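The entries follow in the order in which I looked things up.

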Amino acid sequence: MTSLWSRVEPLLARVRKPARYIGCEDGAIEPRHGQGKVAWLLAYPDVYEVGLPNQGLQILYEILNERPDAVAERTYAPWVDLEALMRERGIPLFSVDAHRAAGDFDVIAFNLSAELVYTNVLNMLDLGGIPVHTARREPSDPVVVVGGHAAFNPEPLADFIDAAVLGEGEEVVGEINDVVRAWKASGRTSREGLWRELARIPGVYVPSLYDVVYEGERTVSVTPRFADVPATVTKRTISDLAQWDYPRRPLAPLTEVVHDRLAVEVFRGCTRGCRFCQAGMITRPVRERPAEQVRTMITRGLERTGYNEVSLTSLSTADFSGIEDVVSSIVPDPTACGAPTVSLPSLRVDAFTVGLAAKVASGRRSGLTFAPEAGTWRLRTVINKLITEADLYGAVESAFANGWSRTKLYFLTGLPTETDDDTRGIAELAAGCVAIGKKYTSRASVTVSLGGFVPKAHTPFQWFGQNGVDELQRKINLVRGAASRGVQVKWHDPRASLAEGLASRGDRRVGRVIERVWRNGGTFQEWSEFFDLDRWLDAAAAEGLPVEWFTTRHRTEDEILPWQHLSAGLHRDFLWDDWRAALDEHGLPDCRWTPCYDCGVCTGDGLEHVVASPVPPAGGSQGTGQDLARGGEVPVVVRL
Amino acid sequence: MKVRLAYSKVGKIRFLGHLDMAHLWERAFRKANLGVAVSAGFTPRPKVSFGLALPTAGESLVEVLDVVLDPAPSAERELDDLAPRLSAVMPAGVEVTGAWVAGPQSIQEDVVATTWVLAIDRDAEDTATRVAALVAAPEFWIERERKGERRRDDIRPGIFELRTDFDPSVLPADWRSAVSASALVEAVVTTSGRGVRPTELVDALFPGDEPWNVMSRVIRTHQWIERTDAPCAPFSVRARKELPHEQRIAVG
Ligand code: SF4
């Protein structure tokens, strides 16, 4: 393997933010390639600033480099300016660590945290000189693997990948490494031989080994082509987070990135059961990291990186047992610039949580974010986000009382059963929050951030037909029209939600649309300056695929979903019943502290929750121990 | 105690911008376990101030920053210790070359001129001819942006010296070998006001060409201060008295 640095270097003075391409981060590992090692290129299909903080990628980077028979480097999507120069000069996609060509690696593993990045996956393969179609790859070409949340429905990428990994990667990467190493040692015979071996690894799905039959628009069957290929592939889950205290050498970049702070994962999984939330559904059950280990990782990480801010990450950090003890024990470092700041992403909506946030926030209290997600209690029982108005107003009151002057509220619109009253309820809640804030500061302001709901695979809402562009826009306008003084409304482009819906619940045929969008220049589709829905609609029309069929149509119970042969451990019956319960406005408390609903995850995998506290946290959690009916009351009546 | 640090920035790390570099220093002080005083106010900022901004992709043998250390180094030895301690925690390519107690003046106030060496990927003879022509020109007008406005400026008065024949021994060996095929131009330019940038020099020498297509590398070798009675050589990699052309830089 040779370095492309001498060819890349002369271009860097001419592009924006060249530090994206030099590597050299704190925690970067000098790659030692060699005979008998499998060389991995861990790829993030978006720009460096977005990809570098990705914890999944950092964890695998370290685990692989620790193995004597593996070596891993990283790459991110080159920004359009550098890509143009690279293509002009025939320079292929390269790693940022040692600037080696993508084609020189044995495995390219993409982390997919969203769907609109799919066109970038194709672009990066192509830029690397690797045939984008799996069928056209020679045994000498790299093995293309995808993982991450979006890989739970990898069907739209079926034609372009060798394998998809479902679930957590810590253990499975080693097993894949063994298979690829053996395949290399045997002289890289046919790719199909490799696929057969990969398919034997639990959690690894090889699309080429399945025949999919369509009748009209419908999927009628998905059948393994060989007897030893599993009919259903089930996700991988590590049972004990304590055994995986990674990253041990967190990457601290030289240049500014989106989450520029130390991240320590405090638990994985979430059983609050929000029905719209794919992350919560596919990462069950809850596995907490021991508090002591959390502390050690914080201390070591801060020392290593020189950061003075740590983010305690999870899907709902305030639910971590003993969270108060952990945050208060982060010792102020007298020598550095004051005590490290602790940030708690994904704040729970209650006063207790805000009190906690106040304790750990730095001097500057710019803004606090809550996610009530829906405007009325009725709709919140539908989506199972069991937050009462009292919870929200209590949280907001506490925020203003603790010195914050701005709050941001996240809402989804286009949810199942949503009426215009529900939508307008968003503006009413925001007005209520402003009124509370005015008691504390005349500068009180509330920002409402509206996202168009996109149903995802492996959730109870996977059967729901999402709202079209016009309907979403109408609802956005409804909120804007109803918003009172002091309320600012921001919204996500409803056109992007439609394209995201197509890629999220598409089948294999949607891959042709993705390919067309890419060939027509549609890269960086997560970026509004490059996104263009017409490109997607034109591509779908050219392929004869009705977009509505994949997006705005409700699915029926008997329908074979394109991802039905893939399992996140959740029983289909559980998901269907939960979907029906949603329509009946029936909420479901968190199973961490209430009896199991037998969703399938724990029983099927021999797993258990790993939760230090036997009781729900102060402030309550998701209906546990609460009288759900009281949500209808409005204890704080606030009118402007 | 306000301490002035001199450091170099060469190699891959040159692609890191000025602002990112400032953040990196903050992390470096913490990694080296050095306390930095913070400003008063609601959002305390560490008291670190930087000198002339080094353009992204430009290299330097003589960058400077002032930092208020709290607690202050208690002995001369501790001050001498700063360079190796900080070099160890900064990325490869950044090396702290000196540390001393800073005077009351800010870096910006002190520095009036800087020396660059430009590696020009053009024919050496042609480059020399163009250099001679620019030196001979009484004025040279270029269009450039200033505070968001496009305007025409005469940059010639800001070019104090420009030559192709100079002693390159101050340049690091690997830098010289990396540019062995290029013509080297040494320039001493003003840093007052808007200053004269290396890309502007290239533009003046090779009008119409994309500067970074002409110039493959550029490195700052000196920063100059007006006061000639300075106790040491804060901005020079060598002792000031060794520099033959020091006196010839007529400033102000
Ligand atoms: S199996 Fe039961 S306890 Fe486990 S996540 Fe599912 S509902 Fe909760």
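I began at Asn384(A), which I found in the loop between helix H12 (377-383) and helix H13 (389-401) of chain A; helices (H or I, at least four residues) and strands (E, at least two) are DSSP runs, numbered from the N terminus. I noted that phi of Asn384(A) is near 60°, a positive value in a residue other than glycine. Asn384(A) is buried, with a relative accessible area of 1%, where buried means under 20% relative accessible area, exposed over 50%, and partly exposed in between (1.4 Å probe, protein chains only).

For the record, this is a predicted model, in which local features need pLDDT of at least 70 and side-chain atom pairs count only at pLDDT 80 or more, while totals for chains, interfaces and linings use all residues. Residues are numbered from 1 along each chain as its sequence is written, chains are lettered from A and ligands numbered from 1 in the order in which they are written, and side-chain values use heavy atoms, with hydrogens and water left out.

I then turned to Asp598(A), which has a positive phi of about 55° although it is not a glycine. Asp598(A) sits in the loop between helix H20 (572-583) and helix H21 (601-605) of chain A, and it is partly exposed, with a relative accessible area of 38%.

Next I looked up cis peptide bonds. In chain A, the bond from Tyr246(A) to Pro247(A) is cis, with omega near -10°, and Pro247(A) belongs to the loop between strand S9 (233-234) and strand S10 (262-265). In chain B, the bond from Asp70(B) to Pro71(B) is cis, with omega near 10°, and Pro71(B) lies in the loop between strand S3 (59-68) and helix H2 (76-89).

I went on to chain A as a whole, for which I noted 21 helices and 19 strands. The radius of gyration of chain A is 24 Å, close to the 26 Å that the globule rule gives for 640 residues, so chain A is as compact as a globular protein of that length; the radius is taken over C-alpha atoms, and the rule is 2.2 Å times the number of residues to the power 0.38. Buried residues make up 61% of the 640 residues in chain A. Among contacts (heavy atoms within 4.5 Å) in chain A between residues at least 6 apart in sequence, 77% join residues at least 24 apart.

How is chain A divided into domains? The assignment, which is automatic or from a database, gives domain 1 (5-233) and domain 2 (241-605). The contact between them takes 68 residues from domain 1 of chain A and 64 residues from domain 2 of chain A, and their centres, taken over C-alpha atoms, are separated by 27 Å.

Chain B is divided into domain 1 (2-104) and domain 2 (109-247), whose C-alpha centres lie 25 Å apart. In chain B, 19 residues of domain 1 are in contact with 21 residues of domain 2. Among contacts in chain B between residues at least 6 apart in sequence, 74% join residues at least 24 apart.
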